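Trainee: Hey, could you walk me through this model? I'm new to it and would like to ask as we go.
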Amino acid sequence: MKILIIEDEKELGRNMSEYLAAENFTCEIAPDFATALAKSDAFDYDCVLLDISLPDGNGLNILKEMKANNRSDGIIIISARNSIDDRITGLNLGADDYLPKPFHLSELGARVAAIIRRRRFGGNKTISVNELEINTEAKTVLVNNAFVDITRKEYDLLLYLLINKNRVISKNAIAEHLSGGEEGLFDNFDFIYTHIKNLKRKLTGAGCEDYIRSVYGMGYKFDVKS
Amino acid sequence: MKLLNRSIQSYIIYSVIIILVAVPVFYFVIQAIVHEEIDEGLVAQKEELLQRLQKLPDSMFRNESMVQALGLTPAAQPAEKNRFLNTTTFDNISGEHIPYRVIEFGMVLGGKPFSYQLKRSMVDNEDLIQSIVAVMVVLMILMVAGFLIINRVISRKIWKPFYSTVHTLNEYDLEKNETPFLEKTNIAEFSNLNKTISALIKRNNAVFQSQKEFTENAAHEMQTPLAILQGKIELLMQTEPLNTDQARLISDLANASQRMNRLNSSLLLLTKIENNQFIERENISVDETVDKMITQYAWMAEQKNLLFEKHALQKLSIDANRPLLEILISNLITNAIRHTPDSGTLVTEATASGELIIKIQRSMVRSIIPGYLNVLKKKVQTAAVPVLG
């Protein structure tokens, strides 16, 4: 699957492509407006990550151009300006999502996966790993084809870990994801620990292998050898 | 007090004093002049009378009935000087007391001293004085009134550009980034004032604009390196092999960078508030906002097994900026959740006096975090710091 990263900051572009590459995405980086316009014009991408403040043009114009050409690529706007106006403008122009800087790479991974899932029309709405299966439409979890009763937060957590599988996800990223992007709500990560503990208990109780590992207290990892 | 009234007030006080002083003074001066005139006439009359009396034969003055008929009064001493008197006599015809000016003088006739009184009615003169004074008073009042009216009209005209400038400034909104049009005026002071104001506004706009740009730049300049840093830390987490020490260091780095992110976004929010970039006001129901926030943070409360209780004595609503009010209330609620001990109860209360109170209840002890709405109101309106701690 192909992703176009339109980002003028070289290091940030590399961060994103490096992280997404591990998910078997093919990433191309367009560091300026002209390249971005040329690439988005010439090729189809599954997802375009669009930084709207580029040195030689406004990224929103690329978005307008793509929409004018009836392109169906998924588009996530990445912006340093986290203002409601920008968000509304971007989404009104047809972007699929809006991710304010700075963001966690795992959050980016989850958003990209969500866009790609949504774009697979009529396709498979399930993500499965061995005996574990998540239906992203019904928001249900099955282990060996049997439903597991988990809470909404536990579902979010499991999906987040699964999408970023085999990668360490920091506690900060998990906390931010679960609280819906709200910052500064937590003095400690006890609540993550509680959620993880409950989730592990429910999954193993249903006969699922214990995939979720704590990594040296840095964060958690959905560990599955393929 | 208006400037216009202020200057007129002094004029009015001055005019009243002048009228009160001038009218009696004028009356007495006119009266004195008239008396002098009458006295002069009386003296002339006296001289004429003396001349005629001296032509009479001396024998006449020895005859007492003759003396009485002439109106002469025998005197003990021959008076040297003229004496002037004011008397009144009752007049039977008009039924009034009529004032007279009287001259009393002495003379020696036929070797005998006599005194004599000459009278002159002052009725006509008194009337004249009164008429003159009345006309004078009317004239003065007319003059003062006219003066005041003219002054008022002229002042109104003169101050018009000033009031128009004030009105324009009242309507002026820095956010809109437009230079208000100040009316042209011929009066040097006002045109000077308008020039100064225009220059000030231009400078203000420029400063505001650059401040806004600074905010945006700060956002962009800071957020990007922070995003890079955070990304690198996350990538570092993925490297293998890692040992416990390295993992701990990476963890600390991640926490520090997270804190930096939070600080940066708080700073940006504060700058935005200080730049008054939250201008849109709408009438917001505080109850609904509180309910919405409570729903949003219900999961946090669940974590600590907290109960929410709501006592709404009345509907609260204020004019505020929605995003700011939401930030404020969500900060209050998350702080309250954070500080409530496990299995406690959080009470939100809207009091009759229009305050919003968020209380924390433990089993027995009651501690209160009051978020007074009037304080909140002020904070939201002056767009000051949202309550953070």
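Trainee: What kind of model is it, and how are things numbered?
Mentor: This is a predicted model, where local features need pLDDT of at least 70, side-chain atom pairs count only at pLDDT 80 or more, and totals for chains, interfaces and linings use all residues. Residues are numbered from 1 along each chain as its sequence is written, chains are lettered from A and ligands numbered from 1 in the order in which they are written, and side-chain values use heavy atoms, with hydrogens and water left out.

Trainee: OK, chain B then. How many helices and strands are in chain B?
Mentor: Chain B has nine helices and ten strands. Those are DSSP runs numbered from the N terminus (H or I, at least four residues, for helices; E, at least two, for strands).

Trainee: And how much of chain B is buried?
Mentor: 36% of its 389 residues count as buried. Buried is under 20% relative accessible area, exposed is over 50%, and partly exposed is in between, using a 1.4 Å probe and protein chains only.

Trainee: What about contacts between residues at least 24 apart in chain B?
Mentor: They make up 66% of the contacts between residues at least 6 apart in sequence. A contact means heavy atoms within 4.5 Å.

Trainee: Switching topic: how many aromatic pairs are there over all chains?
Mentor: Eight. Rings of Phe, Tyr and Trp (its six-membered ring) pair if their centres lie within 6.5 Å; planes under 30 degrees apart are stacked, over 60 edge-to-face, and the rest tilted. One of the pairs is Tyr27(B) with Phe28(B), edge-to-face at 5.4 Å centre to centre and 80° between the planes.

Trainee: Are those two buried or exposed?
Mentor: Tyr27(B) is partly exposed at 22% relative accessibility, while Phe28(B) is exposed at 52%.

Trainee: How do the rings of Trp159(B) and Phe190(B) sit?
Mentor: Their centres are 5.3 Å apart and their planes are at 65°, so that pair is edge-to-face. This one links distant parts of the chain, 31 residues apart: Trp159(B) is in helix H3 (residues 123–171) of chain B and Phe190(B) in helix H4 (residues 188–238) of chain B. Trp159(B) is partly exposed at 21%, and Phe190(B) is buried at 9%. Ring pairs also join Trp159(B), Phe162(B), Tyr163(B) and Phe190(B) into a cluster.

Trainee: Now chain A. At what angle do helix H7 and helix H8 of chain A pack?
Mentor: H7 (residues 171–178) and H8 (residues 190–205) of chain A pack at about 85°, with axes 10 Å apart. Axes are lines fitted to C-alpha atoms, for helices over the stretch in contact, and angles run from 0 to 180 degrees between N-to-C directions. H7(A) and H8(A) are therefore roughly perpendicular, the word for 65 to 115 degrees (under 35 is roughly parallel, over 145 roughly antiparallel, the rest oblique).

Trainee: Which residues make the contact?
Mentor: Lys171(A), Ile174(A), Ala175(A) and Leu178(A) come from H7(A), and Phe191(A), Ile192(A) and His195(A) from H8(A).

Trainee: Which peptide bonds are cis?
Mentor: One of them runs from Lys101(A) to Pro102(A), with omega near -10°. Pro102(A) lies in the loop between strand E7 (97–100) and helix H5 (105–119) of chain A. Another runs from Glu240(B) to Pro241(B), with omega near 0°.
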